[in-house]
Amino acid sequence: MAIKLFYKNTYIKEFNANIVHIVEKDDSFHVELNQTAFYPEGGGQPCDEGYIGDIKVSHVYEDKNKIYHVLDKLPSTLENIKCTINWEKRFDHMQQHLGQHILSAAFEKLYDANTIGFHLSPNTATIDVDKVLSGEDIKKVEYFANQIVFNDLLVKVLYPTKEELESLPLRKMPTVTDDIRIVKLDDFDYSPCCGTHPNRSGEVGLIKIRKYEKYKSGLRIDFICGNRALMDYSIKNDITNSLSSRLSAKLDEILNIIDKDSEELQKIKKENKNLKEQIIKFEAAELMKTAKFEGNTKIIKNIFKHRNFNEVKLLSSILANNDTTVIIFAIDNKDKAQLIFNRSKDLDKIIMKDILNKCLPLIDGKGGGSPSTAQGGGTNTDNLEAAISLAYEQIKKIC
Ligand SMILES: [Zn+2]
C-alpha cells in the first residue's frame, strides 16, 4: 500500500516516487506509486491533477486500498520520478472542503439543521440541509461561519480508538468502521472525513452562500469559498460597475432604475401595439378600395414584402369583418413564402382551406385551416403571384 503523503502533509506540492505496479486498461496505464501526494477521488472531494514525470495524470482513484494514477503513456523511467500536484486546484478543494465543515457546523449549531449531502465540482459546491430556513436565518449562518474563518482556528486530524471516539462530540457518525479519521476544528467541530483540509480556518478566506433552493424536505445551499469567492466577487463587481456606468446610477439605485425602465417599456409596448393596430385599420381601409367585384363578392388580393405574419393576419381579419369579402394575401419574406386566406362569414360556399390546398404545391408549402380562414408557408417565393392568381380563379368560379 502506497504511503499517503497527502495525509502526512497536505501542503506537499512536489515529491519523488517509484512506480511499483502497472495495470494496462482501455489504452491507458493505471499506475501505483510507492508513495503519493495525489489525493484519490473520495469523500465528496474530486481527485488531484498533475504530472508524474512529464506525463499528465488524468484521474486518481482508490480501489481495495490501492491508489491508481491514470496515465495515457508511461514515463521514460520508473524510479525516482518527480511528481507534481496541480496546487491551485488542490488548494481550491481544501478551501471548499474546510469551508463546508464550517458551514455545516454553523447550520447545526444555530438551527439544528443537519447536512445530509455534499457535492463539490470544479464550478460549484453545495450542501443539502434537512430543514427549511428563511433568507434571514441563512444570512445569520453565513455571518457566523465567517467569524469562525476569521478566528483562524487550528485544524487537527485525529485517529481515535473506539473508546476515544465515543467521547468525541461528533457532528455526524462515521461511514466506515476502521481507521476512522476525525477532522477537528479547535473545539468548534469534530467531523469524520477522508478529504484534505488546510491547517487553519483562516485559509478558507471567505464563505459566501450564493443561493439556496428547496430540496427534498430541506434546502440545497450553493456556496463558494476562498479564491472561488474572490473570482465570483470580481465577476459580479465588473457586472455591477458596468450596469452602474450604463445606467449612470449609483450601485444602490440600479434596481429602482431597472424597475422604472421596465415599467416604462411595458407602457411603450402597449402604446406601440395600439398604434400598430390603428395603422393596420387605415391600411385595411385603403386595401378595401382596391377590391375587385366578381358578382357581389369583393376580392382583395395583395403580396406583401418582408412583413410580419401576425400583422398581415390581423389585416386580413379586419377586412373579413366586411360583408361578402374574400382576402387572398401572400408574404414574400426572403426564403419564406406565406399565404393567408380569409373571408366574410356570409360567404359559406367558399371553403378557404380547399382553395389553399390547391395553391400550396406552388410554393412547396404546407398549411391548413377552416372553411373561413386558412394559412400556409413554403420555401418557393417565385410562384407567389401564380398562387394568388390560382386562388382568385378558384373563387371566381364559385362566385
Ligand atoms: Zn472534510
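Predicted model: local features only at pLDDT ≥ 70, side-chain atom pairs only at ≥ 80, totals over all residues.
Residues are numbered from 1 along each chain as its sequence is written, and side-chain values use heavy atoms, with hydrogens and water left out.

The protein chain is divided into domain 1 (3–85), domain 2 (90–244) and domain 3 (290–398); such bounds come from an automatic or database domain assignment. Taken over C-alpha atoms, the centres of domain 2 and domain 3 are separated by 67 Å. In an unreviewed UniProt entry, residues 1–220 are listed as "domain: Alanyl-transfer RNA synthetases family profile"; annotations of this kind may be inferred rather than shown by experiment. The span 1–220 is 23% helix and 35% strand, and its end C-alpha atoms lie 38 Å apart. Helices (H or I, at least four residues) and strands (E, at least two) are DSSP runs, numbered from the N terminus.

Four strands form an open sheet in the order S3-S4-S9-S8, with antiparallel pairing. Strand S3 (19–25) and strand S8 (59–63) are the edge strands, each pairing on one side only. On average, neighbouring strands of this sheet are turned by 30° against each other, direction ignored, with axes taken as lines fitted to C-alpha atoms and angles running from 0 to 180 degrees between N-to-C directions. Pairing requires that DSSP find at least two bridges between two strands; S8 and strand S9 (residues 66–71) pair in the antiparallel sense over 5 bridges. Tyr61 stands opposite Tyr68 in S9.

In helix H8 (residues 352–359), the residues Met352, Ile355, Leu356 and Cys359 are buried, that is, under 20% relative accessible area with a 1.4 Å probe and protein chains only. Seen down the axis of H8, these buried residues fall within an arc of 100° and therefore line one face of the helix; the arc is that of the directions from the helix axis to the C-beta atoms. Their cover includes strands S20 (325–333), S21 (336–343), S22 (365–369) and S23 (373–378), together with helix H9 (384–398).

Pro198 is placed in the loop between strand S15 (189–192) and strand S16 (207–215). Pro198 is buried, with a relative accessible area of 0%. Residues up to four places away in sequence aside, Pro198 touches Tyr11, Met94, Leu98, Val155 and Glu203, contact meaning heavy atoms within 4.5 Å. Pro198 and Asn274 are 76 residues apart in sequence and, C-alpha to C-alpha, 64 Å apart in space.

Definitions and conventions:
Buried < 20%, exposed > 50% of the residue type's maximum accessible area, 1.4 Å probe, protein only.
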